[in-house]
Structures are given as structure tokens and as C-alpha cells.
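Dear colleague,

Please find below the structure that I am handing over to you. My notes on what was found in it follow directly after.

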Amino acid sequence: MKLSFTLSLTSLLLAAGDVAAFAPGIISSSSGGGRSSISNGKSQQSSALSAERQPIMAGNWKLNPPTEAEALALATDVATRLGDETCAINGDEMDEASCTEVVIFPPFPFISKVRDAVQEAGLIVGAQNFYYQDSGAYTGSVSAPMIKSVGCEYVLCGHSERRTVFTDTDQGINLKVKKVLESGMKPILCIGETQEEFDMDITKEVCAMQLSKDLFGITKEQMKDVVIAYEPVWAIGTGLVCGSKDANNVHVFVRECLTKMYDEEVAQATRIQYGGSVKPDNVDELMAMPDIDGCLVGGASLDGESFARIVNYKRASVAA
Ligand code: PEP
């Protein structure tokens, strides 16, 4: 049912041949700009409008660990391993702004304490989910003001586990993306094809459709605070990792979509993470790709040593 809905819209998308046709609410103003120039960021040299993008690594703890004590121990371990060493370990002389941005997404009950444990090391916290209403009779929910008040700077939107297990729709994801931005936080919008869609060779169509629906009405100015995570669903938690060149090709395609929906400046400035079984032994190859700006890490973020190694990936210029 869901697949046939996807396919019928996909056919329309292909027929239209234009992603922007699915995003009529997008305002494409000429004002606003990309992120400030950051040395050692990623730049796309082939582009007429080259932008540098600060790397961003994120750890999604999902429904782990089971206790506050274990969450604190993990947070403290990660903060200790990273701390001031985050950039220096790669051998470069980099100022703070050029270091990799690191975000941890703990479960709700642990957010405050994890924030306290990691903030001195320069790590930030985010929320894995929230409900878009601010208050009211919504038993069991947490709101954007609540997560912001405990220090969340980022929010995951559209993670495949939310889409499948909790039946989050693109319309609902769009409401969340809007609310996150209106609340002064930043969404990491997760997109990506299922195994079935991969087998049908419709990865690009699925990503284009998710982008157009989930970013509906988001302005060019707001796009400065949006991070996209390309996460092939078949690679999440499975140990299967998308080949770095294949992943990069999808990232290039995402930028093509953003160019159509907004313009080249937004496409080049937007940071795009890869997610799906990222581990210490594959992160360097992934991060060497010109259009992969960071990783969204699940399983490996639950081990301090692994996550620290992922954050401290070998930058191409250093690894060579
Ligand atoms: C994720 O949770 O977004 C994820 C990519 O998980 P894993 O790294 O375990 O595949």
C-alpha cells in the first residue's frame, strides 16, 4: 500500500522531471547565504558556487543505554576521549570553528545530564523526536519548548525507525521540521530508500520525493540550519554499508534536488551526512568523498572508543 503510493508519486515526479514541482510552498529568495567559510571543510570544486561545509558527526543512541548511570558513563567516556583532542588528533592546526561538530542524541530522560557531562568538551545534545504541539492534552509527548529548555540544539526528523515503527508520515515530518526551525533549533532530516526500493532501483526518486515533501514551505534562509542525513534503510543497524562512491552519488543527487528546489548556493552550503552501519573501519573512506559532510551513527555511537575514532576520522589530506 505504502509502496504503491510511493510509486504513483514517483511516476508523477519522473513525468514532471522537476523536483521543484513538488515543493510549491518553497520561497526561493536571493537573500541569505551559506555557512561561513571554514577551513578544512568540504568543498565541491566542480561547482561554480563552491561552499565549504563544517563536518558534523552525530551519535543516535536510540533506546539505549538502559539506565541513567550507564548513559552518564558513556557520555563521560566520549567527552573524555574527544575533549580538546578532537581536532588535534588529526595533526592539523585548526581553530575551534574548523573542528568537527559533534552531536549526541540520548533518550529523553538522560538529555540534561548528558548535556552537563559533555558541554565542556564542546559536544552538543539533540533530541531523537518530539511532538509538534507546544502544550495540551497529548499524554506521553514532549514538545519543542521542552527539549529546547534542556539544551537541545538539534532534532532528528524523519528517521527511518520513526517512519516505519511509529508510522511518521512525510506530512508529519514536515510539521516537525518547521517547528524545529521556528523554535530556534536545527533539524537533521533523514531520508533514504528501503531495501525493496533499492532493489527496484528507485533510490533517487524516493529521496527526491522525501526532500520535496519534508522540506515543503522551508525557506532558503531556513535551509542554513537544516542538515540532511542520507540513510539507506537497508544499511541501518544491519552491518551492510553503502559503498562510499554509491553514497556520494546519492549525496550529489540530493544537491541536484536542492538546486532545483532552491538554488546552487543552498545546494552547496547544505551539509549532508551519510548514515548506515558507519564504523571506525569504514568512516575514513566515506568521509574522503567530496559530498559526504559527516555521519549519523547508531550502534557504533554506543561505544566511546568507536565513536571517538569515527569523530576523529582521518581527513583525506592527512591520511594521504
Ligand atoms: C541510525 O540510527 O541512524 C544508524 C545509522 O544506525 P547504525 O549506525 O547502527 O546503522
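In these notes, angles under 35 degrees count as roughly parallel, over 145 as roughly antiparallel, 65 to 115 as roughly perpendicular and the rest as oblique. The model is a predicted one, in which local features need pLDDT of at least 70 and side-chain atom pairs count only at pLDDT 80 or more, while totals for chains, interfaces and linings use all residues. Residue numbers start from 1 along each chain as its sequence is written.

I begin with the helix pairs. Helices (H or I, at least four residues) and strands (E, at least two) are DSSP runs, numbered from the N terminus. Axes are lines fitted to C-alpha atoms, for helices over the stretch in contact, and angles run from 0 to 180 degrees between N-to-C directions.

Helix α2 (residues 68-82) packs against helix α4 (residues 111-118) at an angle of about 25°, and their axes are 9 Å apart. The two helices α2 and α4 are therefore roughly parallel to each other. Their crossing is right-handed, a term used if the near helix is turned clockwise from the far one by less than a right angle (left-handed if anticlockwise). On the α2 side, E68, A71, L72, A75, T76, V78 and A79 make the contact, and on the α4 side K113, V114, A117 and V118 do so; residues are in contact if their C-beta atoms, placed from the backbone, lie within 7 Å. By class, this contact of α2 with α4 has eight nonpolar, one polar and two charged residues. Here Ala, Val, Leu, Ile, Met, Phe, Trp, Tyr, Cys and Pro count as nonpolar, Asp, Glu, Lys and Arg as charged, and the others, Gly among them, as polar.

Helix α2 also meets helix α13 (residues 304-311): their axes come within 9 Å and cross at roughly 40°. It follows that α2 and α13 are oblique to each other. This crossing, too, is right-handed. L74, D77, V78, R81 and L82 of α2 face G304, E305, F307, A308 and V311 of α13, a contact that divides into six nonpolar, one polar and three charged residues.

A further pair is formed by helix α7 (residues 170-182) and helix α9 (residues 203-214), which pack at about 50° with axes 8 Å apart. α7 is therefore oblique to α9. D170, I173, N174 and V177 of α7 meet Q210, K213 and D214 of α9, giving two nonpolar, two polar and three charged residues.

Turning to the strands, eight of them close into a barrel with parallel pairing, in the order β3-β4-β5-β6-β7-β8-β9-β10; strands pair if DSSP finds at least two bridges between them. From one strand to the next, the twist averages 25°.

The loop between β3 (56-60) and α2 contains P65, which is joined to N64 by a cis peptide bond with omega of about -15°. K62 is found in that loop between β3 and α2 as well; K62 is not a glycine, yet has a positive phi of about 50°.

Finally, the ligand has 13 residues around it, of which N60, I236, G275, G298 and G299 come nearest; a residue is near if its C-beta atom, placed from the backbone, lies within 6 Å. The shell around the ligand comprises five nonpolar, seven polar and one charged residue.

With kind regards

Methods:
Contact = placed C-beta atoms within 7 Å.
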